[in-house]
Amino acid sequence: MNLKKYKNPPKKFRAAPFWSWNDKLEPELLKYQVDEMSRVGLGGYFMHARGGISTEYMSEDWMTAFKTCIEQGKKTGMLSWGYDEEGYPSGFAGGAVQAMGKRHWMKWLSFHKTSTYLPEENVIAAYIFDGRNYGRMPKEYEMREAAGQDIVYITWHTNDSYIDALNADTVKLFLDNTHEKYYARFADDFGDAMPGFFTDEPQFGSAGLPWSYELEKVFKDEYGYDILDYLYFLFISDERGDSVRYDFWKLINKLYTENFIKQMGDWCKAHNCKLTGHVMAEDNLMSQMHATAGCMPSYEYFDIPGIDWLGRGIASDLLPKQVSSVAAQLGKKQVLSEMFGLTGWDVTPEELKWIAEWQYVNGISYMCQHLEGYTLRGLRKRDYPPSLFYQLPWWDEYKHFNDYFGRLSMLLTEGVESAPVLVVHNMTSAWTRFNQLDNSTLFGLHKSLEDAILKLGSKQIGYHLGDEQIMAKYATVSGSSIKIGKCEYKAVVLPEMVNIEATTLDLLKDFVKGGGKVFTIGALAKYVSGTVDAMTWLKENVVAVENDAQLYSALEQCGAVLHCVNGEGTDKLRIMRRNMKDYTLLYIVNTDNENAKSFKLETVGSTAVVLDMENVCEKAMDYCAKDGKLCADIELLAAGSVIIALDINSDAAKQDKDTRAVTEVTVPETLKITKCSENALTLDICKYRVNGGKWMDKKAVILIVRELLALQKPCKVELRYNFEIACNPKKLGKMYLAAETVNAFEMTLNGKAVEYDGKSWWVDTAFQKCDITDLVKKGKNEINVKADFHQNDFVYKVLFGNDAMGTGFNRLTYDTELESMYIVGNFGVYSKTGFTEGERNALFSDDAFYIDVMPKRVNSGSITEQGFAFFAGKVSFGFEADIKKDGSKVVLKYSQRAAVTKIKVNGKNVRTVCWAPYETDITDYVKDGKNTIVIEAISGNRCLLGPHHHISGETYFPGPSSFTDVGGWPERELNGQPIWRDGFCVVTFGIK
């Protein structure tokens with residue numbers, strides 16, 4: 001097999017990150033950053049306005065920046081995707097849509113009870129409740145006593161922070177104020193240099209139950225009755241309202257899908273460009289009811305449908321399977337995932353690979369990294385980190401990661417996935433039961449759906465999810481198979497259902513009549529398309545399975561089990577099977593990132609070879625084949641994967657197994673530091689005073705800023721940072737102060753002015769680097785900062801107004817930002833009180849750090865405690881190994897607490913190590929006798945940038961709130977408890 005075509009995959013298969021445009025956009029810096037992205041193997045970028053942007057959105061300067069990037073992208077072959085909003089969620093055109101009037105604002109309903117009815121202007125309907133029934137009151141409301149009966153009334157509300165996403169005219173205004181303006185400027189580049197647009201989290205609003213001015217009329221036209229007569233059923237748990245709720249939510253889903261997503265998709269098709277992105281809250285039935293009333297129907301109208309996945313972890317296969325199922329059925333080759341947001345500054349390529357491959361084996365094939373910050377100035381460094389960009393110490397090594405996933409993306413868009421089982425999604429059942437009082441039924445429905453896909457996934461059985469709206473349009477029956485678009489299924493599995501669509505039921509009847517088998521793992525549906533039905537046919541023709549073994553056996557008899565895996569803990573394995581042009585592909589992923597897996601694979605086949613997409617080569621594997629059956633013993637590392645090609649001719653299959661003896665080289669207890677990046681001390685705590693008043697005790701500067709914002713008016717502020725040097729500074733060489741917007745403040749160190757040369761920077765172009773070599777002294781050093789603190793009116797409106805959807809916060813830009821400072825140089829940073837260990841590689845210490853001489857030798861293991869408390873960079877460890885060349889295989893073994901390591905033996909580059917295995921064959925690089933081995937370890941930015949004071953220490957889900965003392969939605973699992981801890985938390989770093 002020729003793997004050469006995968007060596008350097010085309011840009012369209014390579015990752016395209018969110019490029020966060022979050023400051024004043026400078027053409028030369030934009031071009032530099034485009035070139036940097038190309039250099040490390042990315043394929044494009046989504047030009048994304050975010051919080052911090054100071055170039056006016058959609059202005060002439062904005063369009064100039066867009067043009068600059070499109071033109072620079074052409075030079076490098078990079079794809080310049082548009083992002084369709086200022087901030088998120090998409091749909092409001094930076095506020096231009098809401099400015100067109102209240103009709104276009106987001107609307108929702110709320111429910112009230114009273115014994116005395118007081119009419120209000122925003123009442124939409126009122127009812128008298130007699131203990132069992134609700135009687136609608138006439139529209140001519142009067143103040144009246146209830147006379148022992150409760151009065152219920154429903155009010156509508158609106159807010160200008162977001163739009164009415166159910167209104168087609170409103171969505172057209174969005175397109176007119178965004179897409180049409182881009183088309184007027186860049187039509188010639190549409191579909192080519194500018195492939196299309198990313199739409200992000202459009203929704204009907206999470207403030208409450210959705211409403212729209214036109215909804216009452218549209219509902220009556222659709223169903224023939226007045227929704228206002230029964231509106232109360234949307235708020236109470238009463239089965240008598242199941243059919244009303246079904247009708248309401250089916251219409252809401254239709255309006256959202258057709259008026260927003262379809263209209264946008266149609267516009268893109270008509271203008272020669274593609275629609276990609278993802279809708280809001282796809283994770284489960286409950287979240288979908290709050291945002292879309294069902295995400296799967298919308299995927300039909302995306303050219304590249306997508307999802308997002310946040311945090312340093314993985315979860316249910318449901319999220320990627322929903323989108324990849326529709327994509328496979330409708331022949332959409334690429335499926336996007338926005339991933340890696342909130343993984344934190346310490347995340348490693350190995351962890352990113354684990355998160356990505358869990359999604360890839362479930363059908364994702366196009367990577368959108370969240371995100372790359374144009375700058376880290378101010379709040380931008382806390383924008384759901386990390387910034388996977390030039391600010392990272394391992395940016396140069398990122399190409400290794402991007403090349404691998406570019407090849408994998410290219411490979412997994414070829415051929416057709418083999419998924420013989422169809423699981424009918426029970427979203428329409430949620431429509432019947434979702435209300436504002438009790439949604440316990442939904443949790444049971446969701447658990448049953450999760451159980452169904454877990455039973456199949458953990459047994460490595462290929463399956464897709466069937467959305468009933470998609471099935472109604474594209475499903476047919478052919479004998480004993482159900483076809484949805486381009487996919488064909490041999491068996492159907494039903495989770496617990498309350499409702500089944502009439503179109504689905506008709507399909508199942510034809511399927512069973514043709515010899516097909518339908519299995520259920522939960523209660524059968526009570527309703528057909530929202531109305532009561534005895535369900536006699538289902539009871540007589542659907543086979544109930546009580547456990548995993550029964551389901552597996554039943555599917556095996558249907559011919560839906562295409563391979564068998566045996567071994568301990570194999571429930572964590574996932575397999576994608578693809579029918580390629582000339583062979584069959586098995587992509588096997590161990591989703592367990594803690595435990596390796598050893599297992600026996602049995603499948604149909606005669607030959608097998610491993611496709612190594614990291615090194616782009618074929619590798620022999622041990623197997624035995626007889627009578628068309630192939631068996632192989634396979635071992636996968638924790639979070640490891642393997643790609644196997646079945647039934648191809650390969651020279652690799654004929655290679656002999658390496659039987660040489662092995663000589664192991666390990667890391668000694670003491671290591672010499674041969675080279676090191678500049679070290680740093682982060683200063684984030686200071687004394688302060690406001691308007692010349694009393695000096696206040698020291699506090700984290702981020703908390704001081706909150707106090708200043710609470711004043712809601714300009715003020716003068718002074719900050720006083722301190723740091724200590726334990727030795728004569730002359731021993732340390734050059735020293736620097738790195739700070740943001742130095743020229744905006746009056747800044748002194750030990751009473752002398754700190755001056756900036758106007759060009760030097762460190763880590764990020766906004767971290768201005770000032771030479772302080774001649775200003776520092778032994779002992780206590782003091783930095784004084786004087787600033788005029790002021791903000792524009794929009795800041796105060798967002799922070800202290802009613803920003804119901806966060807659309808203001810998501811594009812918040814401060815005029816004055818006060819931040820941490822960094823002392824930089826070739827020194828060591830030590831703790832007077834030492835460190836204690838915590839979970840997730842955390843190290844805790846008091847606020848008692850000092851600067852001294854950098855160590856020349858360190859103990860193996862973590863060096864954070866050995867003079868590198870806030871280190872972010874590269875450090876090379878050297879040692880000598882006495883090796884006898886006797887024909888054995890020489891292997892270097894070590895473990896790393898680093899993002900990336902690079903191995904050199906006797907001055908020659910051997911390997912860049914981004915993930916396991918941490919065993920490297922160095923046979924060809926060693927000589928008889930003494931050998932010099934250097935391992936360069938590269939960190940992330942966690943020790944430098946934090947969060948340093950989070951109650952959890954190291955968090956695997958950090959957002960902007962995680963750096964403060966008041967938790968936000970990333971801290972929801974902490975149930976509102978205070979999240980601040982005094983002292984500092986950093987993380988371990990080193991090799992062993």
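Student: In which strand is A680 found?

Tutor: Strands here are DSSP runs of E with at least two residues, and helices are runs of H or I with at least four, both numbered from the N terminus. The model is predicted, so local features need pLDDT of at least 70 and side-chain atom pairs count only at pLDDT 80 or more, while totals for chains, interfaces and linings use all residues. Residues are numbered from 1 along each chain as its sequence is written, and side-chain values use heavy atoms, with hydrogens and water left out. Residues 679-683 form the strand that holds A680, namely β40.

Student: Is A680 buried or exposed?

Tutor: Buried means under 20% relative accessible area, exposed over 50%, and partly exposed in between (1.4 Å probe, protein chains only). The relative accessible area of A680 is 2%, so A680 is buried.

Student: What is the omega of the peptide bond from H370 to L371?

Tutor: H370 lies in the loop between β15 and β16 (372-373), and L371 is in that loop too. With 5% relative accessibility, H370 counts as buried. Beyond its neighbours within four places in sequence, H370 is in contact with residues including F18, R50, E338, D383 and Y384. The bond from H370 to L371 is cis, with omega near -10 degrees.

Student: Which residue does a cis peptide bond join to P89?

Tutor: P89 sits in the loop between β3 (79-86) and β4 (105-114). The cis bond has an omega of about 0 degrees, and the residue joined to P89 is Y88.

Student: A639 is not a glycine; what is its phi?

Tutor: A639 is placed in the loop between β36 (629-636) and β37. Its relative accessible area is 13%, so A639 is buried. The phi of A639 is positive, about 60 degrees.

Student: Is S529 buried or partly exposed?

Tutor: S529 is in the loop between β26 (527-528) and β27 (531-532). S529 is not a glycine either, yet its phi is positive at about 50 degrees. Since its relative accessibility is 25%, S529 counts as partly exposed.

Student: How many residues of α10 are buried?

Tutor: Helix α10 (residues 398-411) reaches 20 Å from its first C-alpha to its last, close to the 20 Å expected at 1.5 Å a residue, where the expectation is 1.5 Å times one less than the number of residues. Its cover includes α9 (349-360), β15 (366-369), β31 (584-590) and β37 (641-646). Among the buried residues are Y398, F401, Y404, R407 and L411. Of the 14 residues in α10, the number buried is twelve.

Student: How many disulfides does the structure hold?

Tutor: A disulfide is a pair of cysteine sulfur atoms within 2.5 Å. The sulfur of C558 has its closest cysteine sulfur in C564, 17 Å away and therefore too far for a bond. For C914 the closest cysteine sulfur is in C617, at 16 Å, which is also too far. The number of disulfides in the structure is zero.

Student: What is the relative accessibility of C914?

Tutor: The sulfur of C914 is too far from that of C617 for a bond. C914 counts as buried because its relative accessibility is 2%.

Methods:
Contact means heavy atoms within 4.5 Å.
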